[in-house]
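Here's a quick briefing to read alongside the sequence and the 3D view. Take a look at the picture, then work through the points below.

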Amino acid sequence: MSLAEPAALPVAAAVPPRLHIVTRFTTRFKASLPAYLLLLPSLVFLALFTYGAMGRVLIDALYQRATPKAPLRFVGLDNITAVLADPAFTGAVINNLIYAIGTAVPSIGLALLFALALARTNVVTSALRAALFLPVLIPMVAASALFLFIFLPNVGLLDYYIGRLLPVVPNWLGDPDIALYAIMIITIWKNAGYYMLFFLAGLQSVPEDVMEAAHLDGAGPFTRFRHIILPELKPTFLFVTVIAILNAVTQVDHVFVMTKGGPSNATNLVLFYIYQQAVEHYDIGKASAATLLTLAALMALTALSFRTMANREGGA
Amino acid sequence: MLFSRRLMLGLAIAGTFASAIAVPAMAEGPTEIDLFFPVPVDGKLARDMGTLIKEFNDGHPDIKATAVYTGSYDDTLIKTRASIKAGKPPSAVIMSANFLLDMQIENELTNLDSLIAADGSTKDKFLGQFFPALQGNAVIDRSVYGVPFHNSTPLLYINADQAKEAGLDPNKPPQTWAELTDWAKKLTKREGDKVTRWGIAIPCAYDYCGWMMETLTMTNGGRYYNEEFGGEVYYDTPSMLGALTWWSDLVNKHKVHAPGATPGPAVSTSFISGNAAMMMLSTGSLTYVRENAKFNYKVAFIPRNVRNAVPIGGASLIIPAGVEADKQKAAWTLIKWMTSPEKSAWWSRATGYFAPNMAAYKTPDMVDFLNKNPDAKTAVEQLDVAKPWFATYKTVPVRKTLEDEVMLVLNGKKQPKEALVAAQKAADETLKPYNAETSLKLP
């Protein structure tokens, strides 16, 4: 961009309007050619593996077969209407909302708590940081397999200890009222350590002199936290929230391993619904339509958060 | 998007592997074939498969078979469909026996009749090698589409030590639902309101739950689905209502079965740890129980209410549609070799599944094995009353409509009757497009 700007300006001033556009375009293009060339490798891969697939999904979402042996035909927005009318999809959306809020809020809260407690670096805090970060290193699939045994009714680790205190031992993954919360616990356990890293980094940027000044002015720990640390951490909060919500939509490995969306669809999340449509129902049209809807929601969310971040950097 | 991206990545990786394997082969000349195989139960199946394929390659210098591990039964279906779509189908696949009808409806299977005829054999002679119960899932519209490879039936497992302790004779296992209910009551241990040992455990997770419902419905005289036509299921029927009500009573009325849905591994762990005195589980778990139970156990037929009957489970060998002629021939050689009496018997001993080929049980090694492990015999004897596994148009979603409702009943959230009405309605909705094209397509 900085290469293109100075070259374009004098031309724009000198030539008549028609020629002006063409020349401006070619000059600009020439000037920014190296930039495009440098971008080319990533563009090729993005086109192949991201935009190509997205385009394919867009096309697939517009076609459907009326009966199993009938040929594919263009149905326009019918697939999207069908998905929106499917109670399993609305159920999955509601589950996903509960799941997103129920995992984002506690894991961010815990992450902030951990970060504040372990902000200073010494031997003990380093060891504790490593311990809290450990769940992040365990692959979700492996963690789910572990938790499958922890949650086993009667014989699992959880029931072995907690079961003694409760009058009736719950069937953690087999009861539709509890299963989603059991799944959420794993996500919180796994992600809190990860978000802690961002808060630790954010805490480094809290200016030392401001803190010292506040200290001298007699501000207590809570006042310093409320009026200095929290405002300074605002961008971190925003970023971590977006990441947490994206995770809530894109990470469903534990649903695959532990519940397959059951019992009775209680843990069915949107991405798993898409998988079911594509694989179990073998309905590529509906799966693509649901993918498009999810994609649109995620893009809207990302755009919104980027705008908020840009506003912050420009204005506040 | 994620799904497609993952799929494309998977295909790209699979493609790279395939070409890597293909290059040296072209120089030598043997026909290259891939066999997709799933590992549906715990154990060392993948290693056993390696041994089997190596032996085949050593004995057939003109064919080079490669065994490709493809995950669970469901994953194997996904990967097979993806490779058919990509135009590079594997030459043979070990496919869950109840997916065959669905694949045939989608034109994804090779009709094996001509390969049988080319051998100078007939359909009846070829199928005659296998237990009659297995033929239902291999034959569609009077054509052969699959060859039974390893199969199972559900069994009743009993902790013999706990039975003796409760004053029951494990050598006379319960034969009817009434007897089983009585046993379960006597075997359940309570401390106040809290149950410390359950009388019986029956698995209910997607896939297993439908299979157990079919088992209970069949022992209650029912059919579950139309064996001759893929567009009908019989959920809202007296036989299934009786089956589901009994299961629900074990949980909610007699309180001898843990509430909620319990997946297969949780059921077997509970049994092994002595936490459940009896369980209904696949014969495929027999080897696992034999190796891990620290107590005496007994296996028995699934008790009846109306008649003795059980569905089969397991997998068949298939050739996907679109495999080139020379590969088809090579795959057929592999399939016939793998299902021959000797190999069938060897695989059965290694895995715990029963051997579909009847002649396998006449091989000397197998006779020895059964004498040493009489519990393996029960599974084979039960085959006399076995029937096909449910298979309909869109088998998995149609099954899931029932399973979701059964899970609600086991959690005490719905009554059996209203659950079955809801399941029937949802299943009929899923089956509608197929019926529109077949039974309701009128002149």
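In chain B, β6(B) and strand β13 (residues 313-318) run antiparallel to each other and pair over five bridges. Strands count as paired if DSSP finds at least two bridges between them. Within this pairing, V147(B) has L317(B) in β13(B) as its bridge partner.

Some ground rules: this is a predicted model, where local features need pLDDT of at least 70, side-chain atom pairs count only at pLDDT 80 or more, and totals for chains, interfaces and linings use all residues. Residues are numbered from 1 along each chain as its sequence is written, while chains are lettered from A and ligands numbered from 1 in the order in which they are written.

**The sheet in chain B**
- β6(B) and β13(B) belong to an open sheet of five strands, ordered β2-β1-β3-β13-β6, with mixed pairing.
- At the edges sit β2 (63-69) and β6 (147-152) of chain B, each pairing on one side only.
- Neighbouring strands here are turned by 20° against each other on average, direction ignored.
- Strands (E, at least two residues) and helices (H or I, at least four) are DSSP runs, numbered from the N terminus.

**Helices in chain B**
- Helix α3 (residues 73-85) of chain B lies across β1 (31-37) and β3 (92-96), at about 135° to β3(B).
- Angles run from 0 to 180 degrees between N-to-C directions, using axes that are lines fitted to C-alpha atoms, for helices over the stretch in contact.
- Helices α11 (residues 238-252) and α18 (residues 395-410) of chain B pack at about 35°, with axes 9 Å apart.
- L244(B), S248(B) and V251(B) from α11(B) meet V406(B), V409(B) and L410(B) from α18(B); contact means C-beta atoms, placed from the backbone, within 7 Å.

**Where the chains touch**
- Chain A puts 35 residues into the contact and chain B puts in 36.
- On the chain A side, α2 (17-60), α13 (270-280) and α14 (284-314) each give two or more residues.

**Chain A overall**
- Chain A has 14 helices and two strands.
- Its C-alpha atoms fill a box of roughly 85 × 80 × 30 Å along the principal axes.
- Chain A splits into domain 1 (4-60) and domain 2 (78-314), with bounds from an automatic or database domain assignment.
- The C-alpha centres of these two domains of chain A lie 38 Å apart.
- Of the contacts in chain A with a separation of 6 or more, 67% join residues 24 or more positions apart.

Note on methods: Contact = placed C-beta atoms within 7 Å.
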